Amino acid sequence: VAAAADDAPEADDASSTEVELLQVDVGDVIKLKQVLDETVAASLLDPDGPALAEDQRSDNIKLAIMLLACSFAFVAQFAPLPFPESRPVLGFCCTAYFILSGILQLVTTFYDRDSIMATQPVEKAKYPAKNSEVEKYGIRVRTQLPRFSEHYTVILEFQRYGGGTAAPGPYVSKTWSVGNFFDVDGFFAEDILMDEVEKAYDTFCQGKFGKSEDYDDGKRGILHLLGFEGLEESLFGKNKKSGAAKLKKQ
């Protein structure tokens, strides 16, 4: 009995150290990418890791546009004007709302594209002799998970490199199968992905950049945006190599 009592605290300690894993429906690609993207961002902002600071200027601009659009919707709904005298006000507010919503959609589609986060320049480079540019430019973090693909790609590149005119700039691209981070039941091994992202960031800090001919800027045609990736590739070809294509080549 005494021996069993001595073993009880050890069993309690073991159970207390168990990590509760997040379970995701791996058939839900949107949720899957959301979980992966949030983990990528968290690993780069981790105080015990790279400890980067997020650049929220772009997000603040989009929030301002959204707030302005909502203010027009509020006026259209609650303006103390009787109908039909309120028609000009309603017409103006509705037009302004749809214009601002369209601008926000264009910014998200053609400016942000596959970007999930931008960071501020670091105060001191990790490897000054190899890559001191990180003290001058922030990092733009991009991710890709194509439809019907198991390959998840993370791209690290300089934000506004060369005044925004240099393309492609230095970048690091890493591609993995989502099976590296999820088991068959959908349990997510967050620590494995965080370790891989930190390795990619370390590669970026060392100046071990990818080849310019393999660079994928994330720009897609209208057919791709509408969900017809295969049709776009068959009609116009594909002049940029995706992360999945590069992984197969390797």
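Start by selecting R142 and E157: both residues are buried. The model on screen is predicted. R142 belongs to strand 3 and E157 to strand 4, so the bridge ties together parts that are 15 residues apart in sequence.

The whole structure holds eight salt bridges, and two others are worth a stop.

Next, select D202 and K126. The closest N and O atoms of this salt bridge are 2.7 Å apart. The pair links distant parts of the chain, 76 residues apart: D202 is in helix 5, while K126 is in the loop between strand 2 (115-118) and strand 3. D202 has 17% relative accessibility and counts as buried, because the limit for that class is under 20%.

Now move to helix 3 (residues 57-78) and pick D59 and K62, which lie three residues apart, about one turn of the helix. Their side chains meet in a salt bridge with an N to O distance of 3.6 Å.

The largest nonpolar core has 32 residues. Select L36, L44, Y152, L156, F182, L193 and Y201, the residues that touch the most other members of this core. To see where the core draws its residues from, colour helix 2 (29-45), strand 3 (139-144), strand 4 (151-158), strand 5 (171-177) and helix 5 (190-205); each of these elements gives two or more residues to the core.

Centre the view on L193. Which residues does L193 touch, leaving aside those up to four places away in sequence? The contacts are L36, T39, V40, W176, F181 and F188. One of these, L36, is also among the residues of the largest core that touch the most other members.

For the last stop, select I65, F72, A76 and A96. These four are included in a second, separate core of eight residues.

Definitions and conventions: Residues are numbered from 1 along each chain as its sequence is written. This is a predicted model: local features need pLDDT of at least 70, side-chain atom pairs count only at pLDDT 80 or more; totals for chains, interfaces and linings use all residues. Side-chain values use heavy atoms; hydrogens and water are left out. A nonpolar core is a set of buried Ala, Val, Leu, Ile, Met, Phe, Trp, Tyr and Cys residues joined through side-chain atoms within 4.5 Å. Buried means under 20% relative accessible area, exposed over 50%, partly exposed in between (1.4 Å probe, protein chains only). Helices (H or I, at least four residues) and strands (E, at least two) are DSSP runs, numbered from the N terminus. Contact means heavy atoms within 4.5 Å. A salt bridge is a side-chain nitrogen of Lys or Arg within 4 Å of a carboxyl oxygen of Asp or Glu.
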